[in-house]
Amino acid sequence: RLKFSLANLLWAWATAGRASDEAFQIASHCMIQQADQHLDDGSDPRDFLKQQHWSNSVWAFATARVNVGYEELLVYLASLLHRYPWSIDSFSGQEVGNTVWGIATLLSNKRVDMGDVVLMGEQTAALSVLRSLLLSVVHRKAESFDPQGLSNTLWGMAKLGFGLLSDPDQSSNHYLILESDRQLKDSQLMLETVDITVKISIRMLPKFSSQALSNVAWALAILLPNTNIKSDDAPGVHDVRRLLRGTGKRMMDPRLTIKSQCVSNTLWAMATLEFFDTDIYQGVLSRLLSPDITAQCKPQEISNSLWAMATAYVEIGGRLAFDTALVPVSVRAAQPTDPATTVFGFAAKDMMRRPHQYNSQDIRDVLWSFSKLGIRHPLLFRTMAQHLAGNYEDDAEAKGFDEFTTQGLANTAWAYARQAQLAEHSGTGSSAVTIYADIGEDLLYRLFSRIAEALVRDLNGSGMATPQHISNTAWAFAV
């Protein structure tokens with residue numbers, strides 16, 4: 001009974017925001033000691049295998065961001081589930097979701113907050129618990145899940161990279177790929193779990209919150225791209241597309257409470273999974289236009305939304321709306337004001353207003369997205385050139401390109417060259433004359449010189465540039 005009180009105490013501390021690393025460690029250790037005492041006394045294991053308490057304890061450590069002391073709890077839970085496999089049946093759908101979410105949050109927080117490596121013992125325990133619980137999802141418990149449980153389970157799998165046969169891009173997201181000793185079996189278990197949870201999610205869509213919807217979409221984008229889900233004849237592809245379409249329609253509903261992050265993550269996931277439907281994208285984007293939601297927008301959310309539109313080739317009604325150099329005022333004023341055009345306009349104003357809050361990937365993605373969809377914006381590109389290269393040689397306030405990857409350098413150079421090329425294709429001027437007028441000859445020279453210096457430095461250092469990066473950069477210099 002005291003053990004259950006300790007589990008409840010951990011839950012209460014986490015819920016109230018009154019966490020203490022030392023108190024959490026002591027309470028968790030006492031729980032384990034009492035469980036061992038029950039076993040040593042020959043008591044019925046069912047007396048202490050109340051999974052709600054173990055699940056709540058993992059959830060409490062994660063919610064409170066207590067990054068020490070949870071290892072013992074995780075290893076002990078893995079041993080209990082291995083020793084008493086029948087106990088897995090007592091997990092409810094919510095408890096499975098909370099446990100998977102808790103494990104993923106704990107292991108990723110340890111790396112992000114403390115810079116620590118997740119030890120092999122923790123990884124082994126995490127994999128053991130995940131396998132046990134996911135088998136329960138696939139074979140026994142799937143129908144008992146609520147939307148939050150489904151969302152937490154998929155999100156946790158994606159955060160841990162469970163079942164992935166190759167690492168996703170970790171440059172801007174905190175993924176933790178567990179080192180599995182049975183990768184192919186884990187991959188199959190992951191796909192089976194995704195398949196059943198997608199089918200159930202379709203039936204339960206009206207009950208999902210916007211956060212749960214975006215978490216599911218994000219998780220699918222992480223877990224599925226390397227499984228040929230983009231192919232029309234891939235197993236389960238039609239269910240995934242039905243879920244994404246239903247998610248988009250739910251997000252469009254003005255009665256659904258929503259945050260800017262939910263919109264951004266959902267659009268990013270749709271584009272990553274190559275789900276193309278301009279009406280859905282435009283409808284979801286319209287939710288960003290509410291003043292209270294616009295005020296929430298962070299640079300990464302803005303850049304991800306633009307990247308998604310460009311990747312999905314969303315039709316933009318007002319592509320000429322921002323070209324103050326070549327398009328007459330009367331023409332610009334007559335441009336359509338669809339949600340996508342409005343969001344691009346907002347993004348440009350926001351990045352020019354607070355460029356220092358946009359990191360290198362945000363800047364790259366915003367500039368690339370404008371050029372990818374054929375939207376000229378001379379003022380934006382000149383402002384960001386000044387931010388990146390400075391107003392004069394050796395300007396100490398210039399951001400520079402030290403934080404840019406080789407892909408970032410290539411995409412930024414391509415974006416500027418494409419702005420010039422767009423003018424030439426429109427028949428309103430040559431590319432060279434236009435880009436000099438847009439940016440200024442000295443500033444443009446300084447910008448491209450810094451890009452070249454950064455790329456050479458990267459090639460001499462990490463050697464991470466691909467032939468495409470080098471080719472795109474060389475093309476940009478030639479244009």
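Analyst: Start with a definition: buried means under 20% relative accessible area. By that cut-off, 55% of the 479 residues in the protein chain are buried. Keep in mind that this is a predicted model.

User: What makes R450 count as buried or exposed?

Analyst: The relative accessible area of R450 is 18%. The limit for buried is under 20%. R450 is therefore buried. This residue is found in helix α21, residues 441-460. Leaving out residues up to four places away in sequence, R450 touches L388, A389, D394, D395, A398, G400 and F401.

User: What is the secondary structure of the protein chain?

Analyst: The chain has 22 helices and zero strands. Of its contacts with a separation of 6 or more, 76% are between residues 24 or more positions apart.

User: Why is α10 called roughly antiparallel to α11?

Analyst: Take the angle. The axes of α10 (residues 237-252) and α11 (residues 260-272) cross at roughly 155° and come within 11 Å. Angles over 145 degrees count as roughly antiparallel. So α10 is roughly antiparallel to α11. Their crossing is left-handed.

User: Which residues of α10 and α11 meet?

Analyst: From α10 come L244, T247, G248 and M251. From α11 come C262, T266 and M270. By class, the contact has four nonpolar, three polar and no charged residues. Gly counts as polar in this scheme.

User: How many residues of each class are in the contact of α14 with α16?

Analyst: I302, L306 and M309 in α14 meet A340, V343, F344, F346, A347 and D350 in α16. That contact has eight nonpolar, no polar and one charged residues. Asp counts as charged.

User: Where does pLDDT stay under 50?

Analyst: Over residues 170-174. The model has twelve contacts beyond four places in sequence for that stretch. Where pLDDT is low, the predicted coordinates should not be read in detail. For the protein chain, mean pLDDT is 87, and 89% of residues reach 70 or more.

Terms used: Residues numbered from 1 in each chain as written. Predicted model: local features only at pLDDT ≥ 70, side-chain atom pairs only at ≥ 80, totals over all residues. Heavy atoms only, no water. Axes fitted to C-alpha atoms, helices over the stretch in contact; angles between N-to-C directions. Helix = DSSP H or I, 4+ residues; strand = E, 2+ residues; numbered from the N terminus. Parallel < 35°, antiparallel > 145°, perpendicular 65-115°, else oblique. Left-handed = near helix turned anticlockwise from the far one by under 90°. Contact = heavy atoms within 4.5 Å. pLDDT = per-residue confidence, 0-100. Buried < 20%, exposed > 50% of the residue type's maximum accessible area, 1.4 Å probe, protein only.
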